[in-house]
Structure formats: structure tokens, C-alpha cells
Amino acid sequence: MKFIQSVTNIKVYTLLLNVDFIPFIGEVHLPETIEFLFHVLISIVITFVFVGLADRLHVEDSLPKLWLLSFSLCLPTFGLYFLLSELAIKDVPEWDDWHAFAYWTLGHLFYVWILPMLYKKKKRSTSLR
């Protein structure tokens, strides 16, 4: 997202990291690294939920089912674009900026795609031991 923002000047990375609308937290100027860590923590939580569900549902051998699970878990992120763009105090893309929404969606679809791939790679490497 940072690369997309640097090339297009569409502030999707700013929107991705933005927390200025959260009471108390938004009143403090946070460095980009801290905002990035917030986003990584959310990603880690989603990853733990993904792994737990993949194991519980016994879909670890089916990449299509893993992609469906990943997509299902990440589906709210697509809609969050509209909410976050409306709540933001910072200068971020408007809720009806369809170019920004497309970049936002593509970035999150990459996460949807890569999460099962990394999961399968980790499962394969631990089963070889």
C-alpha cells in the first residue's frame, strides 16, 4: 500500500494505518512505525484465527478451501474502506474514490491469497521434521 501511495499519490497507505478517529489514541501523534505495528497486530490476530479454523475444520490439505476461509475472514476489510474513510480526520481518500477502493481491495486480496500459501508452506515444513 505504501508503494501504491508513493506511485499514485492516492492515500491508501495513510488510510490503512490511520487511527486518528479512535478516542484518546487519535489525539496523540503516533509515528508511522507504531501505526504500522497496530496493523500488523490485527493481521496476527486474523492469522491465529485462520490457523485455528483451518485446523479445526480440517481443510489444511485443500488450497481452495483455505482461500475461501481466508477470503471469509478478510471480507470485512473491503467494507472497512468506506467506514474508515468516513471516520478519518486525516486527509484520506473519500468513500466514493473508486480508484482508492480498487487499490485497497487489491492489497487485501493479496493478503487473502498469501495467507493460505504461507500456512501450507509452514504445515509442509513442520510435517517434514
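Hi everyone. Let me start with a term: a residue counts as partly exposed when its relative accessible area falls between the buried cut-off, under 20%, and the exposed one, over 50%. Keep that in mind as we look at this structure, which is a predicted model.

Take L37, which sits in helix α3, residues 32–57. L37 has a relative accessible area of 46%, so we call it partly exposed.

Now let's go inside. In soluble globular proteins, nonpolar side chains tend to be buried together. Here, the largest nonpolar core has 13 residues, and L15, L16, Y81, A100 and W104 are the ones with the most contacts inside it. Helices α2 (12–17), α4 and α5 (98–127) each give two or more residues to this core. Which of them gives the largest share? That would be α2, with five residues.

W104 deserves a moment. Setting aside residues up to four places away in sequence, W104 touches M1, V12, L15, L16, T77, F78, L80, Y81 and L84. There is also a second, separate core, this one of 11 residues, including A54, L66, Y111 and V112.

Last stop, T77, one of those W104 partners. T77 lies in helix α4, residues 63–87. Is T77 buried or exposed? Its relative accessible area is 13%, so T77 is buried. Beyond its neighbours within four places in sequence, T77 is in contact with W104 and H108.

Methods: Residues numbered from 1 in each chain as written. Predicted model: local features only at pLDDT ≥ 70, side-chain atom pairs only at ≥ 80, totals over all residues. Heavy atoms only, no water. Helix = DSSP H or I, 4+ residues; strand = E, 2+ residues; numbered from the N terminus. Buried < 20%, exposed > 50% of the residue type's maximum accessible area, 1.4 Å probe, protein only. Contact = heavy atoms within 4.5 Å. Core = buried A, V, L, I, M, F, W, Y, C linked by side-chain atoms within 4.5 Å.
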